[in-house]
Amino acid sequence: MNNFIPQTMPSPLSAAKPPPDPESSGGSASSAFSFISKGWRGVKDSADADLQLMRDRANSFKNLASSLDRELENFINSASNFSVSTMKYSPSTEIDFVKRLKPKFSEFRRVYSSPGFSRKVLEKWNPRAKIRIDLSAIKSAFVEEVEIGGRGRGRRMTFKDFRWDWKGEGDAEGEGELRLKDWEPIRALKTRLREFEMKKSSDEMFGGLRSSELVEKVKSSLKAFQREPQDSKEVPPLDVPELLACLVRQSEPFLDHLGVRRDVCDKIVENLCSKSKSQLLLHSLSAGESSIVESDKIGDELDLRIASVLQSTGHRYEGGFGSESTKCDVSDKKRHVAIVTTASLPWMTGTAINPLFRAAYLAKSAKQNVTLLVPWLCKSEQELVYPNNITFSSPEEQELFIRSWLEERIGFKADFKISFYPGKFSKERRSIIPAGDTSQFIASKEADIAILEEPEHLNWYHHGRRWTDKFNHVVGIVHTNYLEYIKREKNGAIQAFFVKHINNLVARAYCHKVLRLSAATQEMPKSVVCNVHGVNPKFLKIGEKVASERALGQQAFSKGAYFLGKMVWAKGYRELIDLLSKHKTELDGFILDVFGNGEDAHEMQSVAKKLNLNLNFQKGRDHADDSLHGYKVFINPSVSDVLCTATAEALAMGKFVVCADHPSNEFFRSFPNCLTYKSSEDFVAKVKEALANEPQPLTNEERYRLSWEAATQRFMEYSELENLLKMEHGAESTKASSKVITKSVLTPSLSEIVDGGLAFAHYSFTGNEILRLATGAIPGTRDYDKQHCEDLHLLPPHVESPVYGW
């Protein structure tokens, strides 16, 4: 379409004139031709402008007319073959000629708005059809005049000048008159465009939009956003009594070091909060949330009050001093529980047996993966610790022994993992001290929940990663009353003072929760008293057997009284000898069999012989041994135990138990066969009562309370593991959890900051070998030695944890 030359027709006036004179026709013909050429160029420019307008209109339908340019080029080629004949010029002829050459747009609209054109275009409107537009009508339209609206040129066409039709379904082309109907989408579009063109102003154009339902909803939402700050209740800042109460609560462990009891601190907090207690929850919680707080829990109210104030400011707590943000991700996985203890079989001690049963019964539920981490001793030290000269050449050999012993007693296959960490035996303390960083023997991907059996013992000289930084939840279980043992030594009061505060420090720095088996232990931060130990199922079966024999009228108990325990003075032997020597006359003829082994055995026998006491010393044996089934009374005068396992086993076997009225025996006091005494005279009376009567059979409830199933349930509850597992499995609804303010996220706890500082100070202290030795550590226990590397297949410490100097 670059050059469009229309075909010209001879003027009627010039055709009627006679031929010009040959002499005069030369000049006039050349000038006429020049004039015609000028007029022709004007016509050509005008035609080009109109065709350009048409091409712009056609571009809007380029998806329907992809071959339009090719058709127009063919049209131009056919028009360029037309030759303009020479004619005589006259002004009227030129004007008439130009008028005839102007395109007639009315004819153009009539042709392209016809049903035939619409049908041809729409019938070819599919991916397979090739669109070809016949432009011959455009060519013929240029030969007639166009006078629309009294103007010399044609007006521009609008979209509504085109008519789009669609053949109705079932119409046949052979019928006399085509029945056509508008295509529904096209008709709707045409109607909308006509209405749009008929709008007189912007008010008419957007009037319907203003009244639409969508706009009303948007306006109401904006008004609600605007009213929200005014309608919301502002949370008032903390007043001075509340700030002082918070400071006292956070300083409870420090005040405990100074001798201020916890109940005194609680009373101070209650008095400080009583002034504003009526308004404490009014500003912090809405009416629907007030039910989650009990009115008598001042501490919880204060925590929620602080959390609500911080939440209103947009503050979010990211962690305390020295804390790390990267921990084991527990999403879409089973929880991992690592039980770390300070002793292992075949050493028959409570810290070796009870953690083993705990691991078995936690793994039995199959809700979590369990790993038991026990100390490994080199062969030279095994001979000092393990009874009957039992030794192991490899950890795998000891693991087989442990599993075999356990499965004989629980009656099912325990599916848990046993791992070892390096340890060294201390002859002076008669205990195993960890060597190196014990936490490194739990893989980071399994570092989820840690149970530290004897957390103070494990962390006295711990020099490694902080447990609460590596694990998501750390629970400590206090087994031993170390203060009672230390007080019996030389300068025991001074040593006990320092040990008490060191125990508090490590328990606070490395545990989230501490469980004390009884109130006989020292009070520790974050602690609660609960017996989370059970008895070997074998003892419950013995008790059932005894009950069935007695029901048949058979004599179940043919022997008198006995005592069983490790032969060290601190295990109740001193109290026993004192009682028997003081009341030798009242207990004339009373013979007590004593079973046990230990380093003080020879001295005890000498003292008993010197005092002429009726004590029959025998070698130690398993409490479930058949030779012990016939005894009716178990005597345990110890006041140094936290929770005597032998007492629980004797009760499970249906025997009488005579023990001191002491916090360590609080759990057993509710059993009818447990006879407690408050004085030495009362001791004599209880012993005679037990020997003269028969014990009562255990009820099903009492038997369950002694079992490991019940102990595991208590442990899950008091250690808060039950809540963690419920949160993982979605037991708590989203609606309920959304109402609870998360204090750990919102509240920047001063206690956590102090805990981090204590952990850093302890890490710095235990990193110095001189300070370690000064406080009684075994030399070389900051790292494991070469023998541990060979036995446990470990890399040397300088390779595992290299230290780079400058």
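Which ring does the charged end of arginine 429 sit over? The ring belongs to tryptophan 460, with the charged end 5.8 Å from its centre. "Over" here has a rule: NZ of Lys or CZ of Arg within 6 Å of the ring centre and within 35 degrees of the ring normal.

## Ground rules

This is a predicted model, so to speak with cut-offs attached: local features need pLDDT of at least 70, side-chain atom pairs count only at pLDDT 80 or more, and totals for chains, interfaces and linings use all residues. Residues are numbered from 1 along each chain as its sequence is written, and side-chain values use heavy atoms, with hydrogens and water left out.

## The overall picture

The protein has 36 helices and 16 strands. Both are DSSP runs numbered from the N terminus, helices being H or I with at least four residues and strands being E with at least two. Of its 806 residues, 43% count as buried, where buried means under 20% relative accessible area, exposed means over 50% and partly exposed is in between (1.4 Å probe, protein chains only).

Take the contacts (heavy atoms within 4.5 Å) with a separation of 6 or more: residues 24 or more positions apart account for 73% of them.

## Nonpolar cores

In soluble globular proteins, nonpolar side chains tend to be buried together. A nonpolar core here is a set of buried Ala, Val, Leu, Ile, Met, Phe, Trp, Tyr and Cys residues joined through side-chain atoms within 4.5 Å. The largest one holds 107 residues, and Phe416, Leu592, Ile635, Phe683 and Phe715 touch the most other members. Helix 16 (residues 350-364) is the top contributor, giving 9 residues. There's also a second, separate core of 25 residues, with Val340, Leu373, Phe441 and Ala450 among them.

Leucine 592, leaving aside neighbours within four places in sequence, is in contact with residues including Phe563, Leu576, Leu580 and Ile635. As for Phe715, the charged end of arginine 358 sits over its ring, 5.5 Å from the centre.

## Aromatic pairs

Rings of Phe, Tyr and Trp (its six-membered ring) pair if their centres lie within 6.5 Å; planes under 30 degrees apart count as stacked, over 60 as edge-to-face and the rest as tilted. The count comes to 20 aromatic pairs. Ring pairs link Tyr562, Phe563, Tyr573, Phe595, Tyr631 and Phe634 into a cluster.

An open sheet is formed by 6 strands in the order 13-12-11-14-15-16, with parallel pairing; two strands pair if DSSP finds at least two bridges between them. Strand 13 (615-618) and strand 16 (674-677) stand at the edges with a single partner strand each, so one side of each has no neighbour in the sheet. From one strand to the next, the twist averages 25 degrees.

Strand 11 (residues 559-564) is joined to strand 14 (residues 631-636) by 3 bridges, and lysine 559 stands opposite tyrosine 631 in strand 14. Helix 26 (residues 645-652) lies across strands 11, 14, 15 and 16, running at about 160 degrees to strand 14. Those angles run from 0 to 180 degrees between N-to-C directions, with axes fitted to C-alpha atoms, for helices over the stretch in contact.

## Two buried residues

Serine 439 lies in the loop between strand 6 (431-434) and strand 7 (449-453). Its relative accessible area is 1%, so it counts as buried. Not counting residues up to four places away in sequence, serine 439 touches His462, Arg465, Trp467 and Lys470.

Leucine 540, in helix 23 (residues 537-551), is buried too, at 11% relative accessible area. Its C-alpha atom is 8.1 Å from that of glutamate 649, 109 residues apart along the chain.
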